[in-house]
Amino acid sequence: RVWDVIMDPSHFDDWVTIHRRLGHVDGGELRRGFKVEQTLCLHHANFKVRWSLTECDRPRHAVWEGKGPAGSHARIVDTLVALDGGGRTRFDYLNEYSQPGGILGRVAGRFLVAGTAEREAAKSLARLKAYLER
């Protein structure tokens, strides 16, 4: 059930706090190369990310590679582990991103985005937990 929610773009609005809307979403089953266009918002600024699913091992592991504005890049790694014989699930979530603008962009990103991204990831995971427990 956790896999079905986190991997279904139509559920992004249910748990991803910075999600605003979907653009293009490939049809059919999730597979390597599956593409999603997503509008996100940080610091009151909307921006688009074009995601491609580069690894997909249902229901245990997925990797999304994203391209954003001005040459920015993101990578999300989702790993699910069944606990207690499948009664509970541990969700390991890694979100890496690079800022455009070379070294100056990376330094500015540490001050402007890093703390916000960590807070939003924590809020998103709390929303996911609440959503799944309903």
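**Hairpins and overall make-up**

Modeller: Start with a hairpin: 3 residues link S3 to S4. Note that this is a predicted model.

Colleague: In which sense do S3 and S4 pair, and over how many bridges?

Modeller: S3 covers residues 45-57 and S4 covers residues 61-67. The pairing is antiparallel, and its bridge count is 7.

Colleague: Which residue stands opposite Val63?

Modeller: Look at S5, residues 73-83. S4 and S5 run antiparallel, joined by 7 bridges. In S5, the residue opposite Val63 is Val77.

Colleague: Which residue in the turn between S4 and S5 has a positive phi?

Modeller: S4 and S5 form a hairpin with 5 residues between them. The phi in question is about 55 degrees. The residue is Ala70.

Colleague: What pattern do the elements follow along the sequence?

Modeller: The protein has 4 helices and 6 strands. Read in order, they give α-α-β-β-β-β-β-β-α-α.

Colleague: What share of the residues is buried?

Modeller: Buried here means under 20% relative accessible area. The protein has 134 residues. The buried share is 35%.

Colleague: What share of the contacts joins residues at least 24 apart?

Modeller: The count takes contacts between residues at least 6 apart in sequence. Of these, the share joining residues at least 24 apart is 33%.

Terms used:
Residues numbered from 1 in each chain as written. Predicted model: local features only at pLDDT ≥ 70, side-chain atom pairs only at ≥ 80, totals over all residues. Heavy atoms only, no water. Helix = DSSP H or I, 4+ residues; strand = E, 2+ residues; numbered from the N terminus. Buried < 20%, exposed > 50% of the residue type's maximum accessible area, 1.4 Å probe, protein only. Contact = heavy atoms within 4.5 Å. Pairing = 2+ DSSP bridges.
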